Amino acid sequence: MILGSVIGDTVGSIYEFHNHKSVDFPLFAPECEFTDDSIVTVAVAKWLVVDKQHTFEKLEECLVDMCTRYPDPMGAYGGGFERWVFHPEQLHTYDEKFPSKSPSGRHPYNSWGNGSAMRVSAVGWAFDTLQETLEIAKRSAEITHNHPEGIKGAQATAAAIFLARTGKSKQEIKDYITQTFGYDLTRTCDDIRPKYHFDGSCQGTVPEAMTAFFDSTDFESAIRLGVSLGGDTDTLVCITGGIAEAFYKKIPQAITDKILSMIPQEFKDILGEFNK
Ligand SMILES: [Mg+2]
């Protein structure tokens with residue numbers, strides 16, 4: 001669980017600013033690294049492990065602690081999130097409009113960035129009901145990404161993981177996401193690929209990431225299709241990988257072994273705890 005997101009992030013890492021519009025590439029090029037997507041994904045998993053009340057306060061602590069210890073990932077943190085973690089005093093203009101969700105004074109900044117979707121996969125795995133999944137996904141987003149599209153991106157991604165892991169078909173997942181969130185999932189990867197370019201928004205990343213999953217035949221093909229779309233590749237494929245893992249249930253052992261050799265022991269410990 002969750003490793004699918006970390007794999008997607010890592011495989012996509014080198015294509016974020018140099019899109020590769022083909023499924024044909026070495027899965028783990030030597031330059032690949034996990035990036036901010038994996039760091040915040042592990043932070044959210046830790047939050048769910050250490051805080052059974054799932055409070056904003058503890059969520060903030062987990063995000064800030066993890067990001068502070070991995071301050072300079074490949075591709076960097078998004079601008080707003082970077083300020084939220086490292087320079088929260090610069091968010092003071094949000095004081096009145098968006099009161100802080102936690103005692104520290106860090107304010108949500110009305111983001112619709114895809115950061116809320118890229119960190120949410122653990123929420124898709126953690127709960128017994130779809131309703132609770134949606135609720136906690138919202139909470140995981142709105143500490144920073146309180147714009148409706150930011151919340152929607154997190155909820156849609158977590159819901160897709162929940163539905164996939166509980167045995168729903170691709171058509172059922174597609175219908176639910178379309179009806180509930182209004183994303184256009186009628187396109188294929190071949191429709192999207194020619195004109196798609198970098199888009200850091202939820203609404204310009206999550207539907208595309210889901211399409212890579214819907215068009216895939218197994219975990220690896222989902223990852224490859226995600227990369228082939230281009231765009232904000234590490235984040236897009238992180239989202240695709242999280243859903244694909246939940247649906248296909250199996251990641252090839254060689255891919256699992258490779259990613260485990262590339263991430264810190266701390267990540268493995270947290271994921272181990274989470275998977276219990
Ligand atoms: Mg990234």
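Helices, taken as DSSP runs of H or I with at least four residues, are numbered from the N terminus, and the axis of each is a line fitted to C-alpha atoms over the stretch in contact, with angles from 0 to 180 degrees between N-to-C directions. This report concerns a predicted model, in which local features need pLDDT of at least 70, side-chain atom pairs count only at pLDDT 80 or more, and totals for chains, interfaces and linings use all residues. Residues are numbered from 1 along each chain as its sequence is written, and side-chain values use heavy atoms, with hydrogens and water left out.

| Helix pair | Axes come within | Crossing angle |
|---|---|---|
| H11 (residues 206-214) and H13 | 8 Å | roughly 40 degrees |
| H8 (residues 148-165) and H13 (residues 233-248) | 7 Å | roughly 20 degrees |

Angles under 35 degrees count as roughly parallel, over 145 as roughly antiparallel, 65 to 115 as roughly perpendicular and the rest as oblique. H11 is therefore oblique to H13, whereas H8 is roughly parallel to H13. The crossing of H11 and H13 is right-handed, and the crossing of H8 and H13 is right-handed too; the term applies if the near helix is turned clockwise from the far one by less than a right angle.

Contact means heavy atoms within 4.5 Å. On the H11 side, Val 206, Glu 208, Ala 209, Met 210, Ala 212 and Phe 213 meet H13 residues Leu 236, Ile 239, Thr 240, Ile 243, Ala 244, Phe 247 and Tyr 248. The residues of this contact comprise 11 nonpolar, one polar and one charged. From H8, Thr 157, Ala 160, Ile 161, Ala 164 and Arg 165 meet Ile 239, Gly 242, Ile 243, Ala 246 and Phe 247 of H13. Here the division is seven nonpolar, two polar and one charged. Ala, Val, Leu, Ile, Met, Phe, Trp, Tyr, Cys and Pro count as nonpolar, Asp, Glu, Lys and Arg as charged, and the others, Gly among them, as polar.

Asp 37 in helix H2 (residues 36-50) and Asp 234 in helix H13 are 197 residues apart, a pair that links distant parts of the chain.

How values were computed. Helices (H or I, at least four residues) and strands (E, at least two) are DSSP runs, numbered from the N terminus.
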